Number of protein chains: 2
Amino acid sequence: MAKKPGIPKGTRDFSPVELAKRNYIFDTIKKHFQVFGFQPIETPSFENSDTLMGKYGDEGDRLIFKILNSGDYLRKANEADLTAKDSTKVAAQISEKALRYDLTVPFARYVVMHQNEIDFPFKRFQIQPVWRADRPQKGRFREFFQCDADVVGSKSLWQEVEFVQLYDAVFNDLGVEGVTVKMNNRKILSGIAEVIGAQDKLIDFTVALDKLDKIGEDGVKKEMLEKGIAESAIEKVQPLFNFTGTNTEKLDKLKDLLAASETGMKGVEELAFIIAAIENLGLQQAKLDIDVTLARGLNYYTGAIFEVAAPDTVKIGSIGGGGRYDDLTGIFGLKDISGVGISFGLDRIFLVLEELNLFPETVNNNLDVLFINFGENEALASFKLMQQLRKAGYKADMYPDAAKPAKQFKYADKRGIPNVITIGSQELADETFTLKNMKSGEQNTYKFNEILSIF
Amino acid sequence: MAKKPGIPKGTRDFSPVELAKRNYIFDTIKKHFQVFGFQPIETPSFENSDTLMGKYGDEGDRLIFKILNSGDYLRKANEADLTAKDSTKVAAQISEKALRYDLTVPFARYVVMHQNEIDFPFKRFQIQPVWRADRPQKGRFREFFQCDADVVGSKSLWQEVEFVQLYDAVFNDLGVEGVTVKMNNRKILSGIAEVIGAQDKLIDFTVALDKLDKIGEDGVKKEMLEKGIAESAIEKVQPLFNFTGTNTEKLDKLKDLLAASETGMKGVEELAFIIAAIENLGLQQAKLDIDVTLARGLNYYTGAIFEVAAPDTVKIGSIGGGGRYDDLTGIFGLKDISGVGISFGLDRIFLVLEELNLFPETVNNNLDVLFINFGENEALASFKLMQQLRKAGYKADMYPDAAKPAKQFKYADKRGIPNVITIGSQELADETFTLKNMKSGEQNTYKFNEILSIF
């Protein structure tokens, strides 16, 4: 007997119900991407290995799925390396392609390859799966979709303004209330590093500071000292331990704190521009909040840093993020192309909508009406009506076999089909059909030629 | 200097313009799939190797892309096999996952795995990429999308009727005139094999017969003889050399020819049912035509066989096909689940629409209006108007930098943006904007509060 089939760990099948919900999210985001002037691109699922390797650090390199060369792939492998079972060296000899690890590096590669066809500034979005050989765990998959929007070719801060609006528009449309768009700026973090006198302690500093709510000022300071940050340095950034108030108040505190750092003040100025524009333009639902502990993408972001927090009632953390990077395409030899981009965390947004019960009731309406099959002649009459409904855009179907009506009704019921039409022998003779509303149980009989007028 | 980046052979980047056209095709097909009651599923990009291997023949096994195990994958490899450089044996030891080769086997695996959640009959569609290590050539790729619709769990011939209607609906909607849906039946082919007395010569027979138009009756007969089909056998199927006329006339000829073959007559009966239903229901554009040389999927189809021919004016061959298979899920241990399905050849359909110039002019309208940027205050005013347009669903954008207006207009022109709005300092003072139609060159000035009423 055949073995019961399975799928690789960390991967998923998506059923029609799950896909209907996922597509609702995808379609909503896509709509706003396009309304905001972003255009879609797609890149191949696998890239040449040298496009990906070395771009995500050693850990990233390990997590990249490598594709075995076709044919007699061992022929060219080095015999000594094979005998030594040197997996790393041999991998480079027997695999020259690898699955996409994120959408950012392929996008950079795309921009460089197609630079002569692209009209800059170029606003692109991309929604495609990526693959990572991570240890699968709850909410973390080996195949998952990323959803990115980026602009390349301009340093204008209006783009940052627009990304705040875009997050607001999407989450407002999805009905998610209480979303916070947190912003920071890499230059502010550099300024803080200058003030504490230790660039290399920046991460330790922000990680500790981020725990203020949980372990209190004393706890944070204790941790900072343990990490080797000098007491005198901690004193200098005392205002960050009481970093509350409006965004304007926070900006004032940062101006005081970073007065001596040219870079830091540039960061404050950039953030101030964005905050002022958003205050002027208004947001529909989201709250914009300066958060100096935000340090994501510290290694590549050079300006704005974004992170979106789910509503407080949902314990799920970040549902989106991004930032500005001044040298996206440099890795492929094209210098001085500034970019800024954001992403949406699709799997987590799914969980938020599920938890807050925000999927529209109609999201899984996969069929408007099912015709019951009473045999060849009745079925032909059903097909004639069904053809009219389908041409008018209704989702209509007939049960393919003339099974017992009870079985067919049960099928309609299990699938949650709202309307059922029966054409039995008497109805066929009368040129009528009976329409049953499956929810109310109400049923009425109509003439064949009334089919379009009653829907 | 960094090497100029490329992509693996046989793969493609899709630009916004190409994607707009592709999505137009995808969306049209999807709409009709749903109207016909099909529901989407998605399966992982890679499957366990034992799910795929051995399902597509030896050649298929060779063309499947295998994924290298993560970590120290060589550790468990057999040393003798490594030393012998036995690529095939080692592959099974260092790779346990493989990229999807088609959508049919994953679908069968899906049905078996989820049989207890599925309400049968189950109509599913699936549009996802597949990967094959084929030698790339014009129009053949290593990564390409397949687009399948199948029903499992019923033997009803109404499903075959419906697939003919579905092809007709899709190509009618895409504006492709002159499409022919060719049909045959595996049982008719079996009947012919009985008549010629050689089941194993069936392919040779149909391949030769298919050349009737090109090499004439004598040429075909010569080829059949060369392939070892007896002259007496060829005489028995003489009616197939003059197999013209209406479908009804063709059915009559088949009834005569296959009278002695029970299987053959069953095939004729099935085909007759479908032909009669379609004649009764009518088609919008497509022509339905019996073609006894149609022998695709001979190894797995058990009933109906479909193939869609592009209009004669486009030399491109088949743009779709499918058939009925009585034992789809048997390979995974679930017996007696009959299925019938069709697919659309997306890349070829793209070429047909391109060649016949059938993409709507609006397909690449990626932006409705661009605001010219005249500096910070004017830009803020532009953003306020833009916000209103975007909320109303228009695709609107502002050039991010206050570059020279000529440069900004040139950008709008190159991208084919139909409308440009300018708010200069005078207009800002007057609370007005100027709207320029980029095609006609016409321009008019309006008050800020008229923005929504003029679009």
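Q: What makes the pair Lys85(A) and Glu79(B) a salt bridge?
A: The closest N and O atoms of Lys85(A) and Glu79(B) are 3.4 Å apart. A salt bridge is a side-chain nitrogen of Lys or Arg within 4 Å of a carboxyl oxygen of Asp or Glu, so the term applies. This is a predicted model, where local features need pLDDT of at least 70, side-chain atom pairs count only at pLDDT 80 or more, and totals for chains, interfaces and linings use all residues. Residues are numbered from 1 along each chain as its sequence is written, chains are lettered from A and ligands numbered from 1 in the order in which they are written, and side-chain values use heavy atoms, leaving out hydrogens and water.

Q: Why does the pair Lys85(A) and Glu79(B) join two chains?
A: Lys85(A) sits in the loop between helix H4 (79-83) and helix H5 (87-94) of chain A, and Glu79(B) in helix H4 of chain B, so two chains are joined. Helices (H or I, at least four residues) and strands (E, at least two) are DSSP runs, numbered from the N terminus.

Q: Is Lys85(A) buried or exposed, and what about Glu79(B)?
A: Buried means under 20% relative accessible area, exposed over 50%, partly exposed in between (1.4 Å probe, protein chains only). Lys85(A) has 18%, so it counts as buried. Glu79(B) has 54%, so it counts as exposed.

Q: How do you know that Asp347(A) and Arg12(A) form a salt bridge?
A: Their closest N and O atoms are 2.9 Å apart. That value is within the cut-off of 4 Å. The pair links distant parts of the chain, 335 residues apart: Asp347(A) is in helix H14 (residues 346-355) of chain A, and Arg12(A) in the segment before helix H1 (16-35).

Q: Why is Asp347(A) called buried?
A: Its relative accessibility is 17%, so it counts as buried. Arg12(A), at 16%, also counts as buried.

Q: What makes Arg12(B) and Asp347(B) a salt bridge?
A: The closest N and O atoms of this pair are 2.9 Å apart. Arg12(B) precedes helix H1 (16-35) of chain B and Asp347(B) lies in helix H14 (residues 346-355), so the pair ties together parts 335 residues apart in sequence. Both Arg12(B) and Asp347(B) are buried.
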